[in-house]
Structures are given as C-alpha cells and as structure tokens.
Amino acid sequence: MAELDMHDICAFVIEVAREAGGTIRSAKPSTSNTLSKKNTADIVTETDKAVEQHIHQRLQQRYPTFAFVGEESYKIGVEVTDEPTFIVDPIDGTSNFVHGFPAVCVSIGLVVKKRPVVGVVYNPFQEDLWSAVHGQGAFYSQHDGPRKALPIVSAPLGELNTACIGIEWGSDREGPNFDLNLKVFTTLARSRATGGHFVNSLRCLGSAAIAICLVAAGQQDAFWECGCWAWDVAAAWCILSEANGIMVDGHPGNWNPPIDNRRYLAVRPATDGQKEFVEKFWDVIGEDRSSYGPTP
Ligand code: IPD
C-alpha cells in the first residue's frame with residue numbers, strides 16, 4: 001500500500017467521477033424506461049450501465065493491475081480480495097435518478113486488503129463532492145468551491161431520542177429481513193410510553209453513499225441499512241473513517257466488519273459517546289437477525 005500514491009489516485013478518481021456526473025446530468029431518465037432487477041424497488045437504467053462502462057475503462061487504462069467490482073457488471077460469487085480493488089456504484093440512488101429527485105451520486109472507492117483507502121462521492125445535480133484518502137482526512141466542496149475539512153459537526157452523541165437517523169426500506173418487502181427492519185424502525189420511532197425510543201427523526205434519502213457522507217459530516221447522527229452492497233458503502237466508508245466516524249456491523253457484536261458485510265451501521269464523529277450510541281442501537285435489534293445471500 002505504501003508504494004501507491006493515494007493522493008494521485010484520488011485526484012484521478014475525482015476527474016473520472018466528474019466525467020460520469022456529466023453523463024448522468026445530461027441523461028433523460030424516467031420511471032418508464034427502467035429495467036427491474038429483483039423487483040420494482042431494485043432497478044437499473046441504460047445510463048447506470050453506460051456510466052459504469054466508462055468508469056471501468058478509465059480506471060483500467062490508468063491502473064491496469066487493480067481489480068474492479070461494479071454494481072452493474074457484478075457476477076454472483078465474485079469476492080473482494082486483498083488486492084487493490086476499485087468498488088464502484090455508477091449511480092447510487094437510481095430510484096431518485098428516475099424520479100428527478102436530486103440525491104444521486106457516483107460512488108468510487110478503492111479498497112486495499114478489503115479496507116477503504118480512497119473514497120470519492122459526487123452528486124452531479126447538487127455538485128457536492130466528498131472525498132478522502134486514508135490518513136489524509138476527509139473533505140467536502142460544492143460547485144467546485146473551496147474544500148472544507150470534515151466533520152462539520154462533532155458534538156457528543158447522547159440518547160437515541162435526540163438522534164436523526166438515516167434508514168432505507170430496501171427491496172425485500174416480506175419475510176424475516178423485512179420484519180426486522182419494521183421492528184427496528186418502529187422501536188426507534190414509537191413513544192417511550194409504548195416501548196420505543198422516540199428518535200428525533202428517521203430519514204430515508206434513497207442513496208446510501210450520500211447518507212453516509214452526511215453522517216461523516218456530522219449532519220446526520222447515524223445511518224443503518226441491512227441488505228446494501230459493498231459498492232453502496234465503500235467510498236463513503238473511507239470518507240466516514242477519515243472524518244473520525246465509525247462503521248460497525250448493522251447487527252450486534254462486530255466492531256470491525258468487512259467491506260462486503262451487507263449490514264452496516266455508520267455513526268458520526270463525536271467528541272464523546274460513539275461507543276455507547278452503537279450499543280444502544282444494537283440493543284434495539286435484540287436477538288433477531290436478518291440474512292442476505294450473495295444474490296443481488
Ligand atoms: C441503492 C441505494 C439505496 C439503498 C439500496 C441501494 P442503487 O443503490 O443506495 O439507498 O437503500 O440498498 O441498492 O440501487 O440506487 O445503486
């Protein structure tokens with residue numbers, strides 16, 4: 001890892017993310033020209049595929065020895081190895097993209113030994129750019145303006161009832177995975193008198209990568225999703241860690257989950273209370289477990 005010039009890689013990845021963003025901005029998506037993957041909540045457009053192909057070609061030309069895992073070209077059974085690997089979601093927030101809802105981003109992460117070392121998340125509609133390099137901090141800029149170091153907010157974390165938490169419904173809408181989501185959402189939301197935590201708010205943004213970047217900035221206290229993929233989290237995870245946020249297992253127990261864990265809890269940078277916050281969140285899950293296989 002020492003011989004890789006991470007700063008140089010990050011600068012190139014930003015260039016590629018901006019090119020991809022141009023294609024996304026000029027596309028004319030609609031809810032009627034999408035293809036359904038698993039169901040109508042799990043969709044892909046021709047733009048997702050074209051953008052991934054472009055990103056893949058550009059990265060491969062410049063870094064021919066690095067592996068590549070992309071959402072749209074992923075084949076069941078492919079595993080992230082210890083080798084330098086670009087993990088890419090060409091459009092994170094495809095549902096937002098086809099609805100014209102502007103929480104859409106290009107997400108490009110580089111992982112080495114399965115740990116994120118470079119992360120670039122770019123929203124071409126709002127011109128938000130989050131980026132980070134391992135050991136060099138995390139940054140945010142908008143409209144190509146000056147970079148601000150992250151986090152923006154890092155006050156102590158307190159009880160769940162003051163927390164603004166990002167969640168996602170996912171595309172499983174029945175069975176044990178869906179039931180666990182419902183239990184967690186309602187326990188977080190309901191009043192204390194009825195056995196809940198009365199959290200300040202639950203936010204559903206439709207882009208895991210952007211939601212995790214907001215946690216990195218401290219603008220949202222946490223993000224919890226079970227069922228998403230390495231390409232949804234790899235880039236934003238680097239940004240979160242470099243901002244001093246933490247990514248732990250979305251289920252109780254593992255403080256150091258692998259990149260392809262499929263269950264994630266991101267907690268914002270805080271001068272105090274991060275560990276306690278995680279433990280309180282894990283208590284909400286209790287003994288129930290969701291499980292996600294290798295099938296997209
Ligand atoms: C999706 C988004 C969404 C999350 C899903 C992801 P996509 O990515 O990140 O927020 O809930 O799990 O699959 O399909 O828009 O690239």
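Pockets were identified on a 1 Å grid over the protein atoms alone as open sets of points where a 1.4 Å probe fits, with protein on both sides within 12 Å along at least five of seven lines, and lining residues have an atom within 4 Å of a point. Of the 44 lining residues, Ala41, Asp42, Gly170, Ser171 and Glu225 are the closest to the pocket centre. The lining comprises 14 nonpolar, 18 polar and 12 charged residues, where Ala, Val, Leu, Ile, Met, Phe, Trp, Tyr, Cys and Pro count as nonpolar, Asp, Glu, Lys and Arg as charged, and the others, Gly among them, as polar. Elements that each supply at least two lining residues include β4 (85–92), β12 (222–226) and α6 (230–242); the largest share, 5 residues, comes from α3.

Helix α4 (residues 175–189) also contributes at least two residues to this lining. Helix α4 packs against helix α7 (residues 274–285) at an angle of about 125 degrees, with the axes 9 Å apart. The two helices are therefore oblique to each other. The contact (heavy atoms within 4.5 Å) involves Leu180, Lys183, Val184, Thr187 and Leu188 of α4 and Phe281, Val284 and Ile285 of α7. These residues divide into 6 nonpolar, 1 polar and 1 charged.

Residues are numbered from 1 along each chain as its sequence is written. In this predicted model, local features need pLDDT of at least 70 and side-chain atom pairs count only at pLDDT 80 or more, whereas totals for chains, interfaces and linings use all residues, and side-chain values use heavy atoms, with hydrogens and water left out.

Conventions. Axes are lines fitted to C-alpha atoms, for helices over the stretch in contact, and angles run from 0 to 180 degrees between N-to-C directions. Helices (H or I, at least four residues) and strands (E, at least two) are DSSP runs, numbered from the N terminus. Angles under 35 degrees count as roughly parallel, over 145 as roughly antiparallel, 65 to 115 as roughly perpendicular and the rest as oblique.
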